[in-house]
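Let us look at how two parts of one chain meet. Keep the structure in view as you read.

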Amino acid sequence: MKEIKVFAPATVANVVCGFDVLGFAVNEPGDEVVMRLVDEPGVRLLKITGDDGRLPLDSAKNTVSASVQHYLKHLNREDVGVEIELHKKMPIGSGLGSSSASTVAGLFAINQLLGNLLTAKELVPFAMKGEELACGYGHADNVAPALMGGFVLVRSYEPLDLIALPTPKDLFAAIVYPEVEVPTKDARQMIKAKVLLKDAVTQWGNVAGLVSGLFLNDIDLVGRSMKDVLIEPTRSILIPGFETLRELAMENGAVGFGISGSGPSVFALAKDEATARKITDAQQNHLTKLNINSNAYVSSVNAEGPRIM
Ligand code: HSE
């Protein structure tokens, strides 16, 4: 195989209570990468579409090409020549793992072209390099579920210990992206560095509750564990009408609600697709009244991760 086209999914990082340690993948939106092997050694990013010229085309600075370079260096395959096209199909700075989707599509593509030398889990550290480039910190809670599919727990960063969690079949994410941009870098800087012990107790109880809910297939337990007393109080200020969006989600049948990643997207979990749709409709109507454009995505959890198109 000389050329490949890959789709990699958006992700909901944190899953409300698990800042930097929990995430899951969805079926849409996502990004696409076209990659081909060429004779001349080196990694070249030829073109980016759908980004309105906002992403760097410089191969050393773009997360897709830079992480492919890291991958080739690690495998001592810098003799390989690669040409890349990145097609952005999802909003940048949306809290849906936009940089992660691009980076993961690129890594999945090069790994396929070279004969699947590494597993999805083994690709995660290279994708984390891309996150470091994009937002200053190599967090794994977007790239790990984007690569591995389903829900993933980052049990530890040093050493990296990733746990694939069960994916409940009847679970739908109702995601709304209000069109106000919140770069992850800025959203990370506003978080308080110290937390109170009583808040930490609440938080780790909820993380354990959410993980237990996934193992027990107890969606109500997952929902009532979606509480964040550490990060949400600060970050929610950047999201217009956040508390009303929560009320609308819960009134319309959500099991839980919160910020997706670093925002401004919000998401709710629901037990069926029709309920998820009802939630996003109500929330979008509310945002329209506030004169804010929005996009909605309703999706089951994506268990497979990236795919060849
Ligand atoms: N865990 C990261 C954060 C996710 O909340 O900053 C960014 O999408």
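Q: Which residue forms a salt bridge with R188?
A: This is a predicted model: local features need pLDDT of at least 70, side-chain atom pairs count only at pLDDT 80 or more, and totals for chains, interfaces and linings use all residues. Residues are numbered from 1 along each chain as its sequence is written, and side-chain values use heavy atoms, without hydrogens and water. A salt bridge needs a side-chain nitrogen of Lys or Arg within 4 Å of a carboxyl oxygen of Asp or Glu. Here the closest N and O atoms are 2.7 Å apart, and the partner of R188 is D20.

Q: How far apart are the C-alpha centres of domain 1 and domain 2?
A: Domain bounds come from an automatic or database domain assignment. It gives domain 1 (3-165 + 304-308) and domain 2 (172-300). Their C-alpha centres are separated by 24 Å.

Q: How much area do domain 1 and domain 2 bury between them?
A: Buried area is the accessible area (1.4 Å probe) that two parts lose on being put together, summed over both. Carbon and sulfur atoms carry 66% of it. The total is about 2,600 Å².

Q: Which three residues supply 25% of the area that domain 1 buries against domain 2?
A: No other three residues of domain 1 supply more of this area. They are V16, C17 and F19.

Q: Which strand gives the largest share of the side of domain 1 that touches domain 2?
A: Strands are DSSP runs (E, at least two residues), numbered from the N terminus. β1 (3-13) and β2 (22-38) each supply at least two residues of this side. The largest share is 7 residues, and it comes from β2.

Key
Helix = DSSP H or I, 4+ residues; strand = E, 2+ residues; numbered from the N terminus.
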